[in-house]
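Student: I would like to learn how to read the features of a model like this one. Please show me the structure, and then we can go through it by question.

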Amino acid sequence: RMLAVARSTTEESTTEAPVVAEVESAMPEVAPPAVEAPPVFKASDLVGATAPFGFFDPLGLSSGVSEERVLYFREAELKHGRVAMLAALGFLVAEHFHPLFGGQIDVPSYVAYQQTPLQTFWPVVVLYVGVVEIFSVFTFENPFDTGKWWTIGPKHVPGDFSFDPAGLKPADAAEYVDMQNKELNNGRLAMIGIAGMVAQELVSGGKLF
């Protein structure tokens with residue numbers, strides 16, 4: 001009787017096997033989900049291409065350049081723009097309001113630094129600036145690993161150093177882009193403006209106003 005049960009079980013499993021194989025072969029093959037290609041990077045798509053000039057690159061500095069290198073240029077533009085905005089404001093204010101160092105530095109701004117004690121300790125000033133700048137260097141890609149010099153790492157947003165003590169950064173994406181455009185445009189104007197201020201005082205030898 002045990003032999004009969006074993007034989008019937010074997011026959012049932014042998015009968016079911018072709019049926020399972022037929023069902024599996026009849027099932028449609030599910031294609032793997034398509035992987036979307038990352039968008040092609042274009043420097044013209046970056047923030048800052050505003051009217052009336054739009055994307056303004058007459059010298060073609062962004063042509064044939066990697067994304068990491070273009071982002072390095074953008075961070076340099078932001079840094080210079082921010083320094084220029086502070087310089088343009090300080091250049092004008094300091095010529096009429098100069099309480100530091102006993103209020104005795106009443107000269108055109110282009111030579112005001114030479115009238116301060118900092119002129120003697122300029123290496124200390126350079127060292128201080130270097131200490132501040134070194135935090136930016138940490139965001140660069142390692143040239144010994146990538147073979148690329150002066151490029152920004154993919155995880156770093158140009159100009160973003162997590163410094164917003166006044167909480168001015170908008171939460172809305174559209175408002176944030178608008179603020180970025182304003183900062184870039186004001187920085188660009190300030191770079192041209194401070195260059196003109198210094199040139200005028202170098203030519204005239206006197207204060208602007």
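Student: Among contacts in the protein chain between residues at least 6 apart in sequence, what percentage join residues at least 24 apart?

Tutor: A contact means heavy atoms within 4.5 Å. Of the contacts you describe, 65% join residues at least 24 apart. Before going on, note that this is a predicted model: local features need pLDDT of at least 70, side-chain atom pairs count only at pLDDT 80 or more, and totals for chains, interfaces and linings use all residues. Residues are numbered from 1 along each chain as its sequence is written, and side-chain values use heavy atoms, with hydrogens and water left out.

Student: How many helices and strands are there in the protein chain?

Tutor: Helices (H or I, at least four residues) and strands (E, at least two) are DSSP runs, numbered from the N terminus. The protein chain has five helices and zero strands.

Student: What should the 16 residues of H3 span?

Tutor: The expected span is 1.5 Å times one less than the number of residues. For H3 that gives 22 Å, and its end C-alpha atoms are 22 Å apart, which agrees. H3 also has a kink of about 25° centred on Val131, where the bend is the angle between axes fitted to the seven residues ending there and the seven starting there.

Student: Is Glu75 buried or exposed?

Tutor: Buried means under 20% relative accessible area, exposed over 50%, partly exposed in between (1.4 Å probe, protein chains only). Glu75, in helix H2, has a relative accessible area of 2%, so Glu75 is buried. Not counting residues up to four places away in sequence, Glu75 touches several residues, including Ser136, His156 and Phe161.

Student: What is the volume of the largest pocket, and which residues lie nearest its centre?

Tutor: Rolling a probe the size of a water molecule over the atoms shows where empty space is left. On a 1 Å grid over the protein atoms alone, a pocket is an open set of points where a 1.4 Å probe fits, with protein on both sides within 12 Å along at least five of seven lines; lining residues have an atom within 4 Å of a point. Grid points are joined across faces, edges and corners, and a volume is the space filled by probe spheres set on the points. The largest pocket has a volume of about 1,500 Å³. Its lining has 40 residues, with Arg82, Gly159, Asp160, Phe161 and Glu183 nearest its centre. H2 gives the largest share of that lining, 12 residues.
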